[in-house]
Amino acid sequence: MDLNFVSEIISVASETELKHLQDSIQNVSEQASLLKMNIKDQMDDDYHKLLPIIKENSEVIRQVDELVEDIKGLHIRLETQTKRDVEDLAEELKHSKESLIEATTIVEVVGKLVHIDKDLKEAKVKAKNNNYYGAAKHIDSACKYLNEQCKDLDFLDMYKSLTQTMAYYRDEYSRDSLAEWRKSIKWTHIDGDMENEKLYTSLTISGEKAHLENLIKTLELFDVSDKEVATFSDNFLKSFLLPIIRTESSLSLKKKNGTTLQEIVISSSSKPKKTAYTVVLGNLTSTFEFINECLGVNMHEKSFVSYIGEYIADDFLNTLVDECLTDAIPSKREHSKNCTPVIESIQAFQELLNSIGFLPPSNKLLDNYFGNVDMLFLNKTIEKYLETARQLMKADLHELIEVGIEPLPQIDGTIKVEQSTNKSVTIENVTFSLNELSPNFFQFPKCSVSKSVESLIDHIEVILSDAIDSDGPTCLKLFQLARGIVELYSDVVPMYHSDLLIEIPQYAAIVHNNMMYLAHRTMTMEYDKKPYVSADNVQVMPCFADLVIPLRKEAINVLSEQIHLQEKNLSEMVKECGLSSLSEYEELPEGTERGVRKCLRHLFLLKTVWEKILVANVYSEIIGTLSNVFVKEITNRIVMTRDIRANVATSLAKVLSVIETELPLLFQDPTEVIHQVKCWSRFKELIRVLGASLAEVGERWADGKGPLAVDFTAEEIRQMVKALFQVSDRRAAILSRIK
C-alpha cells in the first residue's frame with residue numbers, strides 16, 4: 001500500500017472528528033452565551049422578584065446543569081479522541097519507519113552488488129584487451145570492497161557464493177598473468193660438445209616493455225611476484241653472472257627485426273678459468289644493459305631490476321671482488337701505478353649498477369673495498385703472504401732437511417785446565433776457552449725438520465724485511481702478520497695433519513721438531529731485524545719471544561700423544577704374550593716368545609723412524625721410556641704369577657735373555673739403557689731369580705741388604721720363591737729369612 005495514501009486517510013479522519021468537536025463546542029458556547037444573556041436580562045429586570053420566581057427558574061437551572069454535563073462529556077471525548085489519535089499516529093509512524101529502513105537496506109545491498117558487478121565487468125573488458133594489470137586492479141578492488149564494505153551481508157545466502165566467485169576470478173586472472181609472464185621469459189640450457197667442454201645458456205624475452213611491466217605489476221598485486229623474481233634472480237646469477245666471473249665466457253645478443261623478441265646467449269667453459277678483469281667487466285656491463293633495456297620496468301615501490309639486486313647483489317659482488325677484482329690489484333707497491341685503470345673501470349661499472357637500480361643504497365661494498373687504494377694494496381699484500389703461509393703449513397711433511405749442529409761431547413773425568421791467564425778446558429782433545437762463549441752456544445741441536453717449515457721461516461723473514469721498508473700503519477700490519485703466522489702454525493699443523501700424527505709415528509716426531517725449530521728461530525727474529533728498523537717503527541714492532549713457550553708446549557703435546565699411544569700398544573702386546581697365565585702350562589707357550597719378539601720388532605721399528613729425525617738425547621729419552629714400559633709390564637706380570645714350573649722358568653729366562661741382549665741396541669750407546677730404562681736392573685735381577693737356586697736367592701737377598709732388596713720388596717721375593725720352588729724345609733727357611 002502506498003504510504004502517502006495511508007497518511008491522507010489518517011489526516012482526513014482526524015480533521016472530520018476535530019470538526020465535529022469544534023461544531024459541538026461552538027454550539028455549546030452559543031447556547032451558553034444566550035443563556036448568559038437571558039439570565040442577565042432577567043436579573044436586571046426582575047432582581048427584586050428573584051426570590052419569588054426561583055421556582056420559575058428551575059427549568060433554566062436544569063438546562064444549565066445539562067449544559068455543564070454536555071461540556072464535561074465533550075471534554076472527555078476531546079481528550080479520548082486526541083489520545084487515540086496520537087497512539088494511532090505513532091503506531092503508523094513506527095510501521096512506516098520500519099518499512100523505510102527495509103527499503104533503505106535493500107537499496108544499499110543492491111548498490112553494493114552493482115559496485116562489485118561493475119568491477120567484474122570492467123575486469124573482463126580489460127582482460128580481453130590483454131590489460132592484465134587493469135583487470136587485476138578491478139578484481140583486487142572488488143575483493144577488497146567485498147571483504148571490507150560487505151561484511152554485513154554475510155546473512156545473505158548469496159554472500160558465500162559471491163565470495164567463492166571472487167576467489168575464482170582472482171585465481172583465474174593470477175594464473176593467466178603468471179602463464180603469460182613465463183611465456184615471455186624463457187630460459188634455455190644446452191650442453192655443448194664434449195671436446196670444447198662448452199655450456200650454452202640463453203635468456204629469451206618477448207613482448208613490449210609496457211606489456212612486461214603490466215604483467216609483473218599484476219603478479220605483484222596478486223602477491224605471486226616474489227617467487228618469480230626470486231627464480232629469475234637465481235637463474236640470472238647462476239647462469240650468467242657467475243660463469244662470466246669464473247670461466248672463459250662469450251656473449252651474443254640477438255634481436256629479430258620486426259618483432260619484440262630479444263635474446264642473450266652466454267657460452268661458458270665447464271671448467272673454472274681465470275679471465276682478465278677487463279673482459280669480465282665488459283661482459284657484465286653488456287648483460288646488465290640488456291636486462292635493463294628489456295626488464296627495466298617499474299613495480300609499485302621499486303623497479304624490477306632493484307628487486308633482483310635485493311636478492312643477489314651481495315653474493316654477486318662478493319664473488320666479483322674475491323674471484324676477479326682482487327686479482328687485478330697489484331700486490332707490490334712498485335706496481336701501484338698500474339692500478340688506476342682498474343679503479344676507473346670498477347667505478348664506471350658501479351655507476352652503471354647504481355643508475356639501473358641494481359645496487360641498493362645500503363650496499364657500499366665496492367666503495368669500501370676500492371675507496372682507500374693504499375689500504376687495498378696492503379690488504380692484497382697481506383692476503384698473498386697469508387695464503388702462502390697457509391699452503392706451507394699444509395704441505396707434505398716427509399720432505400726433510402737436516403738443521404742444527406752436532407751435540408757437544410760428553411764431559412768425563414778427564415779435563416785438563418791450561419795454566420795461563422786465558423783459562424780453558426780440554427774435553428776429549430777439544431779445548432774450550434772459559435773467557436768467551438763458545439761459537440756453538442745457543443745453537444739448535446742437530447735433527448731433521450720439514451722443508452716446508454724452513455720455507456715458512458724464510459717467508460716470515462721476507463715479511464719482516466718488507467715491514468722494515470714500510471712506514472706507519474703498513475709497518476705495524478706486516479709485523480703483526482709475521483707474528484700471527486707463527487701463532488697460526490701451532491693451530492693449523494696439528495689439526496690439518498691430525499690423522500697422520502696418530503697413524504704414523506714419524507710424522508709426530510717431524511712436527512715436534514718443526515715446532516721446536518720454529519720456536520728457536522722465533523726467539524731471535526725481532527733482535528735480528530731491530531738494527532734495521534727506524535726509530536718510529538721500533539715503537540710499534542711487536543715482541544716474538546713470548547711465542548716460544550706456547551710453540552714448545554704444543555710440540556711436546558704432539559709427541560707425548562704419540563708416546564702414550566705407543567705405550568698403550570706395547571701394553572696390549574705384552575698382554576698377548578700370556579705371561580699372566582703361566583701357572584696353567586706345563587711348558588712355556590710358543591706365543592710367549594713370539595709375543596716378546598713382536599714387541600722388540602716394534603721397538604726397533606720406532607728406532608728406525610725416530611733415530612735419524614729426533615735430537616739424540618730426545619730420542620734416547622723416548623725410546624728409554626717405551627723400553628721401560630715394555631720391561632716393566634713383563635716383570636710385574638711374572639712377579640705376580642703364583643706358580644711357575646721349573647721348565648717354564650728355564651724357558652722364560654732364555655726368552656728374557658733375548659730382551660736383555662737386544663734392548664740395549666735400541667740406543668746409540670748401549671750403556672745408556674742403564675740410565676734410560678728405570679726398571680732395567682729389576683728386570684735383570686728377575687732373569688737371575690728365574691734361573692737361580694734357593695741358596696742363590698737367599699744370598700742375593702742377604703737379609704734385605706743384597707741386590708735383590710734394591711729392586712724388589714720382601715713380599716715380591718716371597719711370592720716368587722713360592723711360585724718357583726716346591727714346598728720344602730729349605731724353602732720355609734728361606735721364606736722365614738725374607739722379611
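Colleague: Is Ile 185 buried or exposed?

Modeller: In this predicted model, Ile 185 is buried, because its relative accessible area is 9% and the limit for buried is under 20%.

Colleague: Where is the place of Ile 185?

Modeller: Ile 185 belongs to strand S1, which covers residues 185-191.

Colleague: Which residues does Ile 185 touch, not counting residues up to four places away in sequence?

Modeller: With those left out, Ile 185 touches Leu 203, Thr 204, Ile 205, Phe 232 and Leu 295. For one of these residues there is also a C-alpha separation: the C-alpha atoms of Ile 185 and Thr 204 are 6.0 Å apart, while 19 residues separate the two along the chain.

Colleague: Leu 295 is on that list. Which residues are buried in H7?

Modeller: Leu 295 is one of them, together with Tyr 277, Val 280, Leu 281, Asn 283, Leu 284, Thr 287, Phe 288, Phe 290, Ile 291 and Cys 294. Helix H7 itself runs over residues 277-295.

Colleague: What distance does H7 reach from its first C-alpha to its last?

Modeller: H7 reaches 26 Å with its 19 residues, which is close to the 27 Å expected at 1.5 Å a residue.

Colleague: Let us turn to helix packing. At what angle do H12 and H13 pack?

Modeller: Helix H12, residues 451-469, packs against helix H13, residues 472-496, at about 165°, and the axes are 8 Å apart. The two helices are therefore roughly antiparallel, since the angle is over 145 degrees. The crossing of H12 past H13 is left-handed.

Colleague: Which residues make the contact?

Modeller: On the H12 side, they are Val 453, Leu 456, His 459, Ile 460, Ile 463, Leu 464, Asp 466 and Ala 467. H13 contributes Cys 475, Leu 478, Phe 479, Leu 481, Ala 482, Ile 485, Val 486 and Tyr 489. By class, 14 residues in this contact are nonpolar, one is polar and one is charged.

Colleague: And H15 with H19, at what angle do they pack?

Modeller: Helix H15 (residues 505-523) and helix H19 (residues 590-610) pack at about 40°, with 9 Å between their axes. H15 and H19 are therefore oblique to each other. H15 passes H19 in a right-handed crossing.

Colleague: Which residues of H15 and H19 make that contact?

Modeller: Pro 505, Gln 506 and Ala 509 come from H15, and Leu 606, Val 609 and Trp 610 come from H19.

Colleague: Another topic: the backbone. What is the phi of Ala 702?

Modeller: Ala 702 has a positive phi of about 50°, although it is not a glycine. Asp 703, likewise not a glycine, has a positive phi of about 55°.

Colleague: Where does Ala 702 lie?

Modeller: Ala 702 is in the loop between helix H24 (694-701) and helix H25 (707-711). Asp 703 is also placed in the loop between H24 and H25.

Colleague: How accessible are Ala 702 and Asp 703?

Modeller: Ala 702 counts as partly exposed at 30% relative accessibility. Asp 703 is exposed, with a relative accessible area of 56%.

Colleague: Finally, how many helices and strands does the protein chain have?

Modeller: The protein chain has 27 helices and nine strands. Of its 739 residues, 40% are buried. Among the contacts with a separation of 6 or more, 75% come from residues 24 or more positions apart.

Methods. Residues are numbered from 1 along each chain as its sequence is written. This is a predicted model: local features need pLDDT of at least 70, side-chain atom pairs count only at pLDDT 80 or more; totals for chains, interfaces and linings use all residues. Side-chain values use heavy atoms; hydrogens and water are left out. Helices (H or I, at least four residues) and strands (E, at least two) are DSSP runs, numbered from the N terminus. The expected span of a helix is 1.5 Å times one less than its number of residues. Buried means under 20% relative accessible area, exposed over 50%, partly exposed in between (1.4 Å probe, protein chains only). Axes are lines fitted to C-alpha atoms, for helices over the stretch in contact, and angles run from 0 to 180 degrees between N-to-C directions. Angles under 35 degrees count as roughly parallel, over 145 as roughly antiparallel, 65 to 115 as roughly perpendicular and the rest as oblique. A crossing is left-handed if the near helix is turned anticlockwise from the far one by less than a right angle, and right-handed if clockwise. Contact means heavy atoms within 4.5 Å. Ala, Val, Leu, Ile, Met, Phe, Trp, Tyr, Cys and Pro count as nonpolar, Asp, Glu, Lys and Arg as charged, and the others, Gly among them, as polar.
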